[in-house]
Amino acid sequence: MDGGKVTVGRMAALYAGAAVLRLAIFTLLPDLPDLLTGRVEISTPVTSFKRLQEGLFLYNHNVSPYDGGVYHQAPLFLPLFSLLPNALSYPIFTYLLYIAIDLLSAGALWKIADSGEAGSSALFTSPRRERRWSGFVIAAIFLFNPFTIATCLGRSTSVFTTCAILRAIAKAVSGAPFSAMVALSFASYLSMYPLLLLPPLLLLCFDRQRPERANKSAVSFATIHVPVVFGVLGLLFGMSYLITGSWEFLPSTYGVQLTLSDLTPNVGLWWYFFIEMFDSFRSFFLAVFWLHLSCYVGGLSVRIRRQPLVVLTLLLGIFAIFKPYPSISDTSLFLAMVPLYRHVFPVMRYSFVIAAVIMYASFLGPAFYYLWIYAGSGNANFFYAITLVWGLGQSLLVCDLMFAVLRDEWELERPEMAGKEIRQI
Amino acid sequence: MPRLLSSALALRRDPRILKIPPYLSLLCILVGAVWLFLLPLNEYSRRTYISENALLPGQVHTYFGGSDQNVFRAYKQEVNSLVGKSNVEINDKLESIVKGLGLKTARQNFTYNAAGRTYAGENLYAILQAPRGDATEAIVLVAAWENAKHEVNKNGIPLVLTLARYFKRWSLWSKDIIILLSPDSIAGPQAWVDAYHDAHDSSRVASLPIKSGALQGAIAIDYVQEHRFKSVHIVYDGVNGQLPNLDLINSVVNIAGGQMGMGVALQEMWNHNDKYPDRLRTMLRGMLKQGLGLASGPHSSFIPYHVDAVTLQPFGEGWQDEMAMGRVVEGTFRSLNNLLEHLHQSFFFYLLMHRERFVSIGTYLPSAMLVAANFTIMAIFLWMKSGQPEEVPAASTPESSDKDTAAPTAERNLLLPLAVVTLSGSLSAIPLYIFNHVPESALTPSFYFFLVINTLLPIAISIVSTQLFTPTLQQFHLIKSFSLLLLGMFLSSLATLNFSLAMLIGLLSAPLSFVKPYSSPVARIVGFIILNLTSPPAVLLASAAVWGLNVGDILREAAVAWHVTGTYSAVVVWCVWWPAWLAGCVCVLGKPIHQEGKVKKA
């Protein structure tokens with residue numbers, strides 16, 4: 001590890017570099033943010049900045065922001081953004097806010113990386129843990145990932161969720177379970193799906209408790225901390241109620257995610273499926289899709305109990321594929337966590353294929369969307385086919401990472417098998 | 001299935017498998033190229049047919065003629081007296097004529113700056129409101145004062161005026177008819193269409209004061225020749241290689257060829273015998289135009305807005321007069337007038353090889369995809385090769401020497417290859433910017449200057465990287481792998497948007513798949529020379545020599561296309577092809593740190 005001073009200097013340089021890059025794009029290419037805001041790959045109905053503007057306009061004119069059925073985001077965004085000067089006349093303040101959020105996320109990621117939790121958790125220490133990247137590299141990979149930059153430029157509100165999730169994990173690894181729970185409730189309040197991260201996050205908090213005030217019983221630990229989440233959530237709901245004056249926001253924000261009532265295309269797998277479906281099957285398949293999304297939580301938490309951070313990473317990858325309104329922002333969060341597992345990269349088998357598939361999909365996706373929407377010479381199947389490839393690339397990465405982590409655990413038990421080819425018998 | 005997968009996984013370590021990919025990728029290129037030459041055969045191409053039944057081309061009587069001939073002569077007299085006058089004076093006169101017909105008129109100013117020149121002018125347009133319509137749809141009749149070769153459209157303008165007068169008398173129009181008289185063939189229509197769809201930059205292009213409904217189709221008349229003509233030449237290439245719906249071309253072919261009994265030509269093939277060589281030539285000319293992506297006439301600007309449009313040019317010595325040309329336009333407008341919905345039935349992706357013969361995307365796309373796939377195959381091959389442990393452990397990278405895992409794949413050192421590929425990618429912004437922003441007079445000097453720099457740059461990068469980082473053979477494999485992966489990815493995406501451009505670039509950069517770091521200095525120099533002969537500037541120079549054009553003119557046209565019509569071919573050349581070429585050159589010049597014998601083996 002470097003000395004404190006050097007780290008601070010490097011941190012400042014990295015953050016300044018990332019902020020300057022974003023500001024430069026914002027100022028030199030003033031049309032780009034609005035172009036990206038309109039892209040379906042970046043803005044989903046539940047995170048779009050354009051829809052936020054609409055909600056904000058209604059809110060500032062004392063009309064319920066959920067009238068008109070365009071705005072599906074959490075009510076607390078409204079007072080936050082109405083504090084800022086108008087995004088059209090003074091966009092710089094909005095830009096600065098989004099840049100700050102990205103830097104906060106990077107800071108959290110840096111802490112997670114420097115904790116070394118990825119290589120050696122409370123119950124498992126990887127033999128390969130020496131080979132890892134420092135927090136600087138990991139934060140840099142996150143900040144200079146084109147997906148992260150595009151999300152920041154597109155001003156999708158999912159960056160707030162990303163930041164809250166990363167903060168929650170950072171708090172958990174640094175032994176502050178209470179703050180971790182509060183951060184997770186913020187993430188859940190904003191996007192709902194992070195609530196599914198609660199079990200592995202609890203395990204992570206439990207494993208990383210400070211020894212001086214450690215709670216030895218997992219059950220009592222959970223009974224203390226789970227109510228914190230629901231308490232904070234209740235508080236946030238109460239504030240939302242006070243702001244909007246009705247409980248209307250619940251069906252308009254979480255209800256939309258649960259029932260997929262807005263079928264705007266996105267990079268996920270739900271929209272096409274539910275467009276094609278007969279209405280009588282809709283509720284059944286909604287239940288199946290949600291059940292599918294949530295069933296990974298229990299299984300992974302049990303199977304990879306010894307490394308809860310792995311469970312969180314894999315779940316973030318699974319959510320980026322299978323949640324109702326995914327965007328490249330979710331992928332950028334997953335890709336931010338993956339480099340923490342630098343030590344198992346040599347065991348991964350398809351890294352090149354994964355990189356190639358994800359890159360192919362990210363270029364063919366906009367091309368096919370263009371053919372469908374603008375040129376009129378393609379149709380919806382073109383774009384959907386590419387979102388399938390995109391999902392395939394990510395699920396390959398999830399599977400390969402899981403394989404590598406499990407193999408790493410297994411080689412500790414069976415040292416004689418290290419380096420041998422895997423064969424199914 | 002799992003067993004199959006695991007045996008496939010075991011197979012990938014087999015040394016024999018690793019010998020195949022270079023041959024496979026060569027095969028891909030050859031099959032891709034041969035495929036293209038099979039397309040004109042009867043077995044692979046199809047006869048054209050009208051898909052949209054509502055069009056009913058050639059089913060109506062056309063009545064244009066008779067006394068309209070006298071009207072035409074009168075208008076021609078007026079137009080001839082305007083030749084040589086300024087844009088505003090011409091528009092004043094034309095506007096008074098069109099107003100006299102009882103149409104609503106309006107004007108629009110536009111200014112474009114490109115290559116140090118200003119392209120400014122004023123469009124005049126008029127709207128004939130449909131007696132049976134509700135102004136939700138419109139079709140456009142365009143005549144530019146000057147055609148793309150800067151000849152005055154002496155017959156086209158009077159013909160459009162006469163047709164406007166004639167159309168006004170009929171009560172059967174269900175779509176508005178817009179008459180657009182632009183001062184030139186490229187910038188004027190572009191400014192007008194942009195403004196019509198509110199996609200214009202209002203600091204340079206004025207907004208339109210009056211508008212009609214959604215544009216359903218456009219016909220441009222480019223009628224320069226003074227004597228009677230034989231046939232009609234249909235120009236159909238849009239900006240960036242986009243094409244109008246095949247039904248529109250078929251309708252014109254049907255009306256002009258079938259109903260009027262005049263010939264129809266495509267792609268400047270004035271005499272077409274419908275045999276293999278002529279079909280191939282037509283197709284290749286079409287592909288070249290599509291690949292360049294330039295605007296070829298007033299119709300080109302309409303196509304990106306999903307408005308199907310063609311330009312009609314009478315040509316040859318024959319007995320057809322202006323009235324026959326007018327009847328072709330009348331017949332086409334009657335067909336377009338019948339449309340119940342936008343043209344969508346027929347093909348948007350096709351290659352025409354005769355007026356009644358075409359291939360559709362399903363038949364021709366595999367050839368470009370195969371060429372693009374060759375790069376991906378080589379990229380995967382090089383990635384696997386870079387993962388093989390090298391024979392002498394001492395020469396391997398420091399990281400792969402740790403013994404506790406003894407993994408079958410060597411640790412790859414990714415940082416330098418990624419840096420080289422990123423560097424070559426970001427350098428590409430420089431030529432793109434220079435050639436699009438330098439004034440016309442400086443274009444030729446800066447091109448030759450760039451040619452020299454372009455030759456020296458790979459040498460410089462190679463020397464610097466060898467001195468500073470002492471790259472290994474593995475790193476050169478990775479550089480090549482990444483750059484080919486990117487190239488293959490861009491080209492396969494591009495093939496769906498502009499097939500011809502992807503095919504052209506793919507074939508021109510095919511040598512990049514097969515060059516590698518050579519051990520002997522002679523081979524290295526030969527490889528470098530071969531690459532330099534296929535570099536983007538060298539190809540530009542060679543094509544200028546072949547067509548007898550001036551490099552400066554080509555670059556000016558490209559800059560104008562970039563600024564006015566938004567042609568993205570320059571981006572593809574500089575940001576896709578050139579970085580891959582640069583990375584390839586760095587690989588050829590690289591001297592990996594090994595004994596001579598080992599490099600040869602690899």
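Predicted model: local features only at pLDDT ≥ 70, side-chain atom pairs only at ≥ 80, totals over all residues.
When residues up to four places away in sequence are left aside, A:Ser185 touches A:Val229, A:Val232, A:Leu233 and A:Leu236.

## The crossing of helices 12 and 14

Elsewhere in chain A, the axis of helix 12 (residues 249-259) comes within 9 Å of the axis of helix 14 (residues 282-303), and the two cross at roughly 95 degrees. Because angles of 65 to 115 degrees count as roughly perpendicular, helix 12 of chain A and helix 14 of chain A are described as roughly perpendicular to each other.

On the side of helix 12 of chain A, the contact involves A:Gln257, A:Leu258 and A:Thr259, which meet A:Arg282, A:Leu286 and A:Trp290 in helix 14 of chain A.

With a disulfide taken as a pair of cysteine sulfur atoms within 2.5 Å, the count over all chains comes to 0 disulfides. A:Cys152 is accordingly in no disulfide, the nearest cysteine sulfur being that of A:Cys163, 12 Å away; A:Cys152 counts as buried, at 0% relative accessibility.

For A:Cys295, the closest cysteine sulfur is in A:Cys399, and the separation of 13 Å is too far for a bond. A:Cys295 is partly exposed, with a relative accessible area of 47%.

Note on methods. Residues numbered from 1 in each chain as written. Chains lettered and ligands numbered in written order. Heavy atoms only, no water. Buried < 20%, exposed > 50% of the residue type's maximum accessible area, 1.4 Å probe, protein only. Axes fitted to C-alpha atoms, helices over the stretch in contact; angles between N-to-C directions. Helix = DSSP H or I, 4+ residues; strand = E, 2+ residues; numbered from the N terminus. Parallel < 35°, antiparallel > 145°, perpendicular 65-115°, else oblique. Contact = heavy atoms within 4.5 Å.
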